[in-house]
Amino acid sequence: MKKSIMMVIVACMCSILPLQAQQNIDEVLQYIEQSSKELQAQRRLTEAQKLEASTGNSLQNPTIEMENMWRRPEAGSEAELTVMQGFDFPSAYAARNKIAKLKGSAYESQGAEVRQQILLQAKLLCLEIIYLRQQQASLNERLSNTERLAAIYQQKLKTGTANILETNKINVELITTRTAANLNATSLQTCMEQLTNLAGGNPVNFTATEYPVEQPLPDYASIEALYLEQNPELQRLEHERNAAQKSIALNKALGLPKFEVGFRHNYGLEGRLTGFAIGMSIPMFENKNKVKTARAQSYYTDTQLQSAKLNNIAQLKQLYQQAQTLQASATSLENLLQNQNTIDLLNKALDAGQISVIEYFTEVNTFYQNRETLLQLQKDYRTVTAQIFRYEL
């Protein structure tokens, strides 16, 4: 009884631990990789595809024939048993075996491609969630400041020290800010639900509010080499190209004679006769144009691989240039805003009557728009670098 209780406790702790451990993006990605229903299905599909690729390289089914021939009743009958085994030219089996291995590798790369896409989607969601939380903090700060001003000017309106235009301006700003905060909170909730869906419906305990520490952007040449070398799409296409090239050798081998070897036993009137049977089939018609077809398919897969390489290089160059531009813009704007304490200064100026409410909100809106632009630049930069370093997933 005690042992059963302990097993239940251990099982519960194991189910709770993943929820407590997901504090950064890497841990979230590990959790999703383990929990994703789509990835689980893809792994099973890859296993099935590899098994299917390995079949079809066995010997043909043996044939058994039994003949019984009658003469006149007084003359008796004769019977003959024949067992035959057919097989292709030996080089065909070697070619099929190589093609099966290449197809298996292509299916593995296809599974890795799906895995990378899902993990990249999850990482981009995590970056979006961090951005929305930072945006929510900024909106909450702005909302709190506006609520404070609305309360002050409502009291001033009662005492006659403020006019209705100023009060209405603040109330409109209050509604606008509260609406923006509510919409942002809704977007944040939606992203968390999408993250849960990627984890197979299991809740994801992701609470980060700051981005991971960014490493300096390496030079383009080193990134391009790794990007192409570890790209599962290019790996899949390369395996498919090699398999298509081996198909040429296979179809040439299938154009060579096929053989049959067997055993024959005859039950005749003159006694029993036992011997071997050898046959040969010359494929003169059934393999017509198959070698040409295989060569055309090989050309197609090779061209497809080269096109995919060019497209990936073009995409990487575009992402790299975007990353450089976004990084420079974010750094410049961050340095500009870092030394400013605009809101406190504006509050003091407004309280002292040095500026009007309209002037105040004009400056406040400019400040928060700049801050929102900075948050957007920081998020966009990390989104682009996540796509650049997708091969690390």
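Helices (DSSP runs of H or I, at least four residues) and strands (runs of E, at least two) are numbered from the N terminus. The model shown is predicted: local features need pLDDT of at least 70, side-chain atom pairs count only at pLDDT 80 or more, and totals for chains, interfaces and linings use all residues. Residues are numbered from 1 along each chain as its sequence is written, and side-chain values use heavy atoms, with hydrogens and water left out.

**View 1. Helix 2 packs against helix 4.** Axes are lines fitted to C-alpha atoms, for helices over the stretch in contact, and angles run from 0 to 180 degrees between N-to-C directions. Angles under 35 degrees count as roughly parallel, over 145 as roughly antiparallel, 65 to 115 as roughly perpendicular, and the rest as oblique. Helix 2 spans residues 25–35 and helix 4 spans residues 90–159. Their axes lie 10 Å apart, at an angle of about 140 degrees. Helix 2 is therefore oblique to helix 4. Contact means heavy atoms within 4.5 Å. On helix 2, the residues in contact are Ile25, Val28, Leu29, Ile32 and Glu33. They meet Arg115, Ile118, Leu119, Ala122, Lys123, Cys126, Leu127 and Ile130 of helix 4. By class, this contact has 10 nonpolar, no polar and 3 charged residues. (Ala, Val, Leu, Ile, Met, Phe, Trp, Tyr, Cys and Pro count as nonpolar; Asp, Glu, Lys and Arg as charged; the others, Gly among them, as polar.)

**View 2. Helix 4 packs against helix 10.** The angle is about 170 degrees, and the axes are 9 Å apart. That makes helix 4 roughly antiparallel to helix 10. The contact residues divide into 13 nonpolar, 9 polar and 8 charged.

**View 3. Helix 5 crosses helix 10.** The axis of helix 5 (residues 164–198) comes within 9 Å of that of helix 10, and the two cross at roughly 20 degrees. The two helices are therefore roughly parallel to each other. Glu166, Lys169, Ile170 and Glu173 of helix 5 touch Val357, Phe361 and Asn365 of helix 10. By class, the contact holds 3 nonpolar, 1 polar and 3 charged residues.

**View 4. The largest pocket is lined by 25 residues.** A pocket is found on a 1 Å grid over the protein atoms alone: it is an open set of points where a 1.4 Å probe fits, with protein on both sides within 12 Å along at least five of seven lines, and lining residues have an atom within 4 Å of a point. The volume is about 600 Å³. Asp26, Lys123, Pro212, Phe389 and Glu392 lie nearest the centre of this pocket. Helix 2, helix 4 and helix 10 (357–388) each give two or more residues to the lining. Helix 2 gives the most, with 5 residues. The lining has 13 nonpolar, 4 polar and 8 charged residues.

**View 5. The second largest pocket has a volume of about 490 Å³.** Of its 25 lining residues, Gln134, Glu334, Leu374, Leu375 and Gln378 are the closest to the centre. Two or more residues come from each of helix 4, helix 8 (290–338), helix 9 (342–351) and helix 10. Helix 10 gives the most, with 7 residues. By class, the lining has 10 nonpolar, 8 polar and 7 charged residues. Both volumes are the space filled by probe spheres set on grid points, which are joined across faces, edges and corners.
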